[in-house]
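This report looks at ligand shells, a surface patch and aromatic contacts. The sequence and the model come first.

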Amino acid sequence: MNTFLWVIFPYICLAVFVVGHVWRYRYDKFGWTTRSSQLYESKLLRIGSPLFHFGMLGVVGGHILGLILPQDWTDAVGLSHEAYHIIALAGGIPAGIAAVVGLVILIYRRRTVGPVFSATTINDKVMYAVLGVVIVLGMWNTIAGSLFTIGGEYNYRDGVSVWFRQIFAFQPDESLMAAAPFGFQLHGFLAFLLFAMWPFTRLVHVFSAPIGYFTRPYIVYRSRDRRPGAATGSRAQKRGWERVQ
Amino acid sequence: MKVMAQMAMVMNLDKCIGCHTCSVTCKQAWTNRSGMEYVWFNNVETRPGLGYPRGYEDQDKWQGGWTRKANGRLTLRAGGRLNKLLNIFSNPKMPSMSDYYEPWTYDYETLLNAPSQKHFPVARPHSLLSGKPINVEWSANWDDDLGGSHEHAAKDLMLKGIEDKVKLAFDDTFMFYLPRICEHCLNPSCAASCPSGAIYKREEDGIVLVDQDKCRGWRMCVTGCPYKKVYFNHKTGKAEKCTFCYPRIEVGIPTVCAETCVGRLRYIGLMLYDADKVLEAASVEDDHDLYESQRSVFLDPNDPHVQREAEKAGIPGDWITAAQKSPVHALINTYKVALPLHPEYRTMPMVWYIPPLSPVVDVIKDTGHDAEDADNLFGAIDALRIPVEYLANLFTAGDTVPVDRVLRKLAAMRSYMRDINLGRDPDPEIPARVGMGEEEMYNMFRLLAIAKYEDRYVIPTAHGEEAHALEELATDCPVTGYDDELLDVSGPFGEGSGRGSMTPVAIENFKMLERRQTSDTMQDGEHLKGRVNLLNWDGKGMPPGMFPDEDGER
Ligand code: SF4
Ligand code: SF4
Ligand code: SF4
């Protein structure tokens, strides 16, 4: 069971994540969008959306530090365990609270504003449920586990983090996760489930962060495609769809 | 010098009767889908009035277009690149549905199903978004023909500086119609605002398009366009805009809105311009100079030097010929009677307007004077400052000099032609008073009043060398199909459909259309949402609720 949960399942999810995104990008560029509902309602969105998104950026940044940076490294630069902990909590808790408050506002808005609610698909609802639970569990692990040490102290940097890095080295040690508190287990499990769902939901918009905007000229010029057989408009002809001569 | 060609339009406002035919045909061609119910790529607004979306000209509020910084450089009014990305999670300046209007349909079912009762049953309006009954309070042309203008028109920003003098009492004011489409600007702020780089200007004809595969739904273009001519499709989550009917233009036929214009007031043709000078021209200090500075980037297609440069830039010979015959070029640069709409937004718009003389003519007529007498007309143009200043606020950033000049030309033409029409000797004095020759004036009259289809629309075909195969309309000789590949593309059973260049653009909407037309029932209010009504029906299929059942019953 542990092998399935902490070895097989994560790999399945990551594979689905990668292949799913490639598939989606190739076959559904048209559906690749934020599906913004700002047109219907903008006052609540104006507060909720930046809170949530910036909060999430902070949370993701925190995860990268906590999961990817080995404890040896911070030890090596002379950062004590306590000091690291305080920094992590000082950064993580405000970001987490912002994300949760933002999420609550956004979900409230989704439910109460008529047109927004009717534009919410089942796909969206399932995704929000998983995302919401993952976030709340994460907050719980941080606040209950690290701040008030309910249920005993657990240093995730000796356990979950090591396991997470091992995944990418293709040598995950399932016992590390099996020994983790239930809250961490569930958070990790659902997070991988979310990765698996990712390419099929609106979450794909995360990967369209428009970095190129900083470097490209303001006005984009493009040429009409003149190659024979190209469809009207100026999109490049797709491979395999060349016109039969 | 970098010569580029731009497909452009001029509209002669004196001839617009405000019939909205252009809006409806455009809608049925391009925005008859759910998600686009509220969208009018072409809209006709009554001025003075608020326009569509409501009050879009208030750039202090909407922050569209460019502004000139103190150092003389242009910047997006809504903020540059960094600002855009910081605000990407919620656009602070985006119009909401209520600024356009909440699209609705009527519950016609009640009319058919109501039991016999004392009071006549009514079909109540239901929102197409939520399916709930709504109270209709605004639409794309709510203040049509000055309806309710004592309440709304006072908020018209173009009345600035003349508010106190204008009477908005219905029978006391002036009025004209302003049809608007996307301007296909030379310096489009919509494209500049797009973080994904999905909006582009076509090198060949300058048409500004949104790449639907690259758009990620950030909505910055909606804010960026000062004319509010990019719209957000709330079903697909992508931005859409007027395409200048490029599939038609590519095969040499005019846009839908121009083709169907009842007043025959639209002209389509090429303008050659120097792309290297656009930014400089858009950055001149004084707003009043923008009209002349934009004219200065246009090139004379009859100048051999320009022709050589154009050839170097890869512009085909027939395009240069078309540019020489372009009615748009004639109206903008030869007769100089067309003016840009809101040059002060600094996007260098390319749909220009001949301002209407009718507000002036109407006043003279009302006072019982001869409205075709040159002296009366000239005198009235000088005396009637209100319409002139209003027009100047629309077309020249408030500078009345060019508007005066255009109106005087139109007035001169009016009275000069009256003599000819009545068989009297034409008076060469009249054209001379506005600096024109007799022949020039007569030619201008022909172009403005009685120009034929092929004079109004001079559209060279695109050089795909296959252009004909692209079109959806059969303007080709039917027989040519038999001995070339056209035959195997269509085939007796339509087996070629969806292959190669014969695929009409409309096909990508087909699945959407089919689903919409086959799924919704009319049984309860909930399902009125997204329903097809006459406006967004494209003639295909049998949307439920639109026709009675075959046996005559519902
Ligand atoms: S008018 Fe058209 S081209 Fe100009 S900024 Fe607006 S959408 Fe872009
Ligand atoms: S050019 Fe075509 S898309 Fe644009 S407003 Fe006219 S009909 Fe509509
Ligand atoms: S169809 Fe022509 S006359 Fe009618 S409203 Fe449109 S532009 Fe004006």
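## Surface patch, ligand shells and aromatic pairs

Leu57(A) lies in helix H2 of chain A. The model is predicted. Leu57(A) counts as exposed because its relative accessibility is 53%, and exposed means over 50%. Leu57(A) belongs to a nonpolar surface patch with Phe54(A), Ile211(A), Phe214(A), Leu82(B) and Leu86(B). Together these residues have about 620 Å² of accessible area. Helix H2 (43-68) of chain A and helix H3 (81-86) of chain B each supply at least two residues of the patch.

Two ligand shells follow. Residues around ligand 2 include Cys26(B), Trp30(B), Cys242(B), Cys245(B) and Cys257(B). Helix H1 (21-30) and helix H10 (256-259) of chain B each give at least two residues to this shell. The shell around ligand 2 has nine nonpolar, three polar and no charged residues. Ligand 3 is surrounded by 14 residues. The closest are Cys16(B), Cys19(B), His20(B), Cys22(B) and Cys261(B). The shell around ligand 3 has nine nonpolar, four polar and one charged.

| Pair | Centre to centre | Angle between planes |
|---|---|---|
| Tyr38(B) and Tyr100(B) | 4.9 Å | 70° |
| Tyr453(B) and Tyr457(B) | 5.0 Å | 80° |

Tyr38(B) sits in the loop between H1 and strand E2 (43-47) of chain B and Tyr100(B) in helix H4 (residues 97-100) of chain B, so the pair ties together parts 62 residues apart in sequence. Tyr38(B) is buried, at 0% relative accessible area. Tyr100(B) is buried, at 0% relative accessibility. Tyr453(B) is partly exposed at 35%, whereas Tyr457(B) is buried at 7%.

Conventions. Residues are numbered from 1 along each chain as its sequence is written. Chains are lettered from A and ligands numbered from 1 in the order in which they are written. This is a predicted model: local features need pLDDT of at least 70, side-chain atom pairs count only at pLDDT 80 or more; totals for chains, interfaces and linings use all residues. Side-chain values use heavy atoms; hydrogens and water are left out. A residue is near a molecule or strand if one of its heavy atoms lies within 4 Å of it. Helices (H or I, at least four residues) and strands (E, at least two) are DSSP runs, numbered from the N terminus. Ala, Val, Leu, Ile, Met, Phe, Trp, Tyr, Cys and Pro count as nonpolar, Asp, Glu, Lys and Arg as charged, and the others, Gly among them, as polar. Patches are made of residues with over 30% relative accessible area and no salt bridge: like charges are joined within 9 Å, nonpolar side chains (Val, Leu, Ile, Met, Phe, Trp, Tyr) within 5 Å. Accessible areas come from the Shrake-Rupley method with a 1.4 Å probe; for residues, only the protein chains shown count as cover. A salt bridge is a side-chain nitrogen of Lys or Arg within 4 Å of a carboxyl oxygen of Asp or Glu. Buried means under 20% relative accessible area, exposed over 50%, partly exposed in between (1.4 Å probe, protein chains only). Rings of Phe, Tyr and Trp (its six-membered ring) pair if their centres lie within 6.5 Å; planes under 30 degrees apart count as stacked, over 60 as edge-to-face and the rest as tilted.
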